[in-house]
Amino acid sequence: MYKQAKDYPHEFKIQAIKRYLENGRRVNYTAKELGIPESTLRGWRDKYMDELKKEDTPSKKKKKDYETLLKEKEKIIQQLEEENLILKKSIGIFTRDPRQK
C-alpha cells in the first residue's frame with residue numbers, strides 16, 4: 001500500500017538538518033529519533049547542501065560589489081593613516097619643552 005507524502009513545516013526541516021549535522025551520527029539514527037523516513041531526511045540534507053553551495057559560489061555581480069567595497073575600505077584606511085600621522089606630528093609639536101631649542 002502506498003503512503004501519502006507528508007508535508008513538513010520548513011522550520012522542522014531546518015531543525016532536523018541541524019540536529020543531524022550537530023550530532024554527527026548517521027542519517028538513519030537521526031531519522032529514527034525524529035520519526036521520519038531516512039529518505040526524507042537525506043533529501044532535505046541534499047537540498048540544504050545544494051543551497052549552501054549556490055550561496056558560496058559568488059556571482060560576477062557579487063564579485064564586483066566586493067571589489068568596490070574593498071576599494072572604498074582601502075580609501076578609508078589611507079585617509080585614517082594620514083590623519084593618524086598628522087596627529088602624531090601635532091603631539092610631538094605640543095609636547096616639546098619650550099625651553100629646548
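Me: Which side chain does Arg42 meet in a salt bridge?
Reply: In this predicted model, the Arg42 side chain meets that of Glu38, at 3.2 Å from N to O.

Me: Where do Arg42 and Glu38 sit in the fold?
Reply: Both lie in helix H3, residues 38-56. Arg42 and Glu38 are 4 residues apart there, so about one helical turn separates them.

Me: Buried or exposed, or in between, for Arg42 and Glu38?
Reply: In between. Arg42 has a relative accessible area of 35%, which makes it partly exposed. Glu38 is also partly exposed, at 34%.

Me: How many salt bridges does the structure hold?
Reply: The structure holds 3.

Me: What does Arg19 pair with?
Reply: Arg19 forms a salt bridge with Glu33 through their side chains, with an N to O distance of 3.1 Å.

Me: Which helices do Arg19 and Glu33 belong to?
Reply: Arg19 is in helix H1 (residues 10-23), whereas Glu33 is in helix H2 (residues 27-34). The pair therefore ties together parts that lie 14 residues apart in sequence.

Me: And what is the accessibility of Arg19 and Glu33?
Reply: Arg19 is partly exposed at 37% relative accessibility. Glu33 also has a relative accessible area of 37% and counts as partly exposed.

Me: On to Asp46. Which residue does Asp46 form a salt bridge with?
Reply: Asp46 bridges to Arg45, and their closest N and O atoms are 3.3 Å apart.

Me: How accessible is Asp46?
Reply: Asp46 has a relative accessible area of 39%, so it is partly exposed.

Note on methods: Residues numbered from 1 in each chain as written. Predicted model: local features only at pLDDT ≥ 70, side-chain atom pairs only at ≥ 80, totals over all residues. Heavy atoms only, no water. Salt bridge = Lys/Arg side-chain N within 4 Å of Asp/Glu carboxyl O. Helix = DSSP H or I, 4+ residues; strand = E, 2+ residues; numbered from the N terminus. Buried < 20%, exposed > 50% of the residue type's maximum accessible area, 1.4 Å probe, protein only.
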